[in-house]
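The following paragraphs accompany a protein structure and are intended for a reader who meets it here for the first time. Please keep the sequence and the model in view while reading.

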Amino acid sequence: MFKVIIIEDEPLARSKLKRLLMDLTDEISIVAELSSVAEVSVWLAEPDEVDLIFSDIELSDGNVFQSYQQQPPPCPVIFITAYDDFMLKAFDNFGIGYLLKPYSSDKLQQAWHKFRQLSRQPGTEPLLVNQLQQLLQTLPAPKTRYISRLAIRQQQQIYFLQVTDIVYIQADGSLIMAFDEQGKRHYLPYNSLPAVEAVLDPERFFRINRSELVQSQHIVRLERYCKNTLTLYLANSAQLKTSQSRTGDFTRWLGI
């Protein structure tokens with residue numbers, strides 16, 4: 001019997017995965033279901049003996065790599081996510097498979113078959129992890145890839161927001177919101193501004209104050225508001241102000 005862990009914060013996605021796992025010919029026991037970075041970190045501190053982890057990446061309270069960087073997973077991982085921008089990072093974190101939602105039963109079976117092929121001999125999992133790490137170390141350092149779209153969860157659906165359509169991003173406590181050219185608000189799957197800032201291209205986005213990021217292509221004009229402060233007029237008619245501490249860096253970033 002194979003013991004697996006499921007890391008997924010969407011009940012419907014979790015149910016689908018469990019149903020498809022039960023359709024496999026191998027006998028599988030789901031020993032734990034985790035839905036947050038906090039739960040993953042607690043489990044990794046004293047992990048059960050498991051053969052494989054099925055892991056989402058963006059969870060309700062952050063990115064699962066936060067946990068994996070603190071404590072590596074004890075076995076191979078098949079990542080299942082709505083994002084296509086974390087593949088290199090996934091394989092650098094014990095990943096042996098990367099399924100993009102919505103995935104089919106065939107895709108899951110292919111990923112499972114790969115795991116079974118790699119685990120035929122006793123002790124294969126630790127050897128596999130070492131081989132993956134050695135392979136990654138021999139590859140040239142990849143150019144940083146930033147996300148091109150964001151998966152937005154809304155009630156029982158997920159829709160995609162293109163990063164190029166974002167005019168600015170605003171934080172209100174742990175709520176992170178993106179505003180598009182029509183002024184529509186989109187709630188992002190991050191709980192802090194630094195978290196979303198880390199996945200956006202710094203050549204296109206700049207934090208102008210403690211709570212707001214702007215995308216350069218949507219800046220229409222600038223005006224002096226007061227000493228060391230600028231007013232930004234944006235494509236969706238919004239007006240934002242730089243903080244005094246950020247104005248100098250902002251103008252240098254713009255090259256003016």
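Is Arg 153 buried, partly exposed or exposed? With a relative accessible area of 29%, Arg 153 is partly exposed. This value, like the others in this text, is computed from a predicted model.

The average pLDDT of the protein chain is 86, and 87% of the residues reach a score of at least 70. Over residues 123-127, however, the pLDDT is below 50, and this stretch has five contacts in the model beyond near neighbours in sequence. Residues 138-142 also have a pLDDT below 50, with one contact beyond near neighbours in sequence.

Side chains of opposite charge can pair when their charged atoms come close. The count of salt bridges in this model comes to 12. One of them joins Glu 10 to Arg 153, with the closest N and O atoms 2.9 Å apart. Glu 10 belongs to the loop between strand S1 (2-7) and helix H1 (11-22), while Arg 153 belongs to strand S8 (residues 149-154); the pair therefore ties together parts that are 143 residues apart in sequence. Glu 10 is partly exposed, its relative accessible area being 22%.

A further salt bridge links Glu 33 with Lys 18, and here the closest N and O atoms are 3.2 Å apart. Because Glu 33 lies in strand S2 (residues 28-34) and Lys 18 in helix H1, this pair ties together parts that are 15 residues apart in sequence. Glu 33 counts as partly exposed at 37% relative accessibility, and Lys 18 is partly exposed with a relative accessible area of 27%.

Within helix H8, Arg 246 and Asp 249 are three residues apart, which means that about one helical turn separates them. Their side chains meet in a salt bridge of 3.7 Å, N to O. Arg 246 is partly exposed at a relative accessible area of 24%, and Asp 249 is partly exposed at 34%.

Salt bridges that share partners also build a network, which consists of Glu 8, Asp 9, Glu 10, Asp 56, Lys 101 and Arg 153. Where does Lys 101 lie? Lys 101 is found in the loop between strand S7 (95-100) and helix H5 (105-118). Its relative accessible area is 19%, so Lys 101 is buried, the cut-off for this class being under 20%. The side chains of Lys 101 and Asp 56 are joined by a polar contact of 3.3 Å. Beyond its neighbours within four places in sequence, Lys 101 touches several residues, including Glu 8, Ala 13, Ile 80 and Thr 81.

Note on methods. Residues numbered from 1 in each chain as written. Predicted model: local features only at pLDDT ≥ 70, side-chain atom pairs only at ≥ 80, totals over all residues. Heavy atoms only, no water. pLDDT = per-residue confidence, 0-100. Contact = heavy atoms within 4.5 Å. Salt bridge = Lys/Arg side-chain N within 4 Å of Asp/Glu carboxyl O. Helix = DSSP H or I, 4+ residues; strand = E, 2+ residues; numbered from the N terminus. Buried < 20%, exposed > 50% of the residue type's maximum accessible area, 1.4 Å probe, protein only. Polar contact = N/O pair within 3.5 Å; in protein donor to acceptor, adjacent residues only side chain to side chain.
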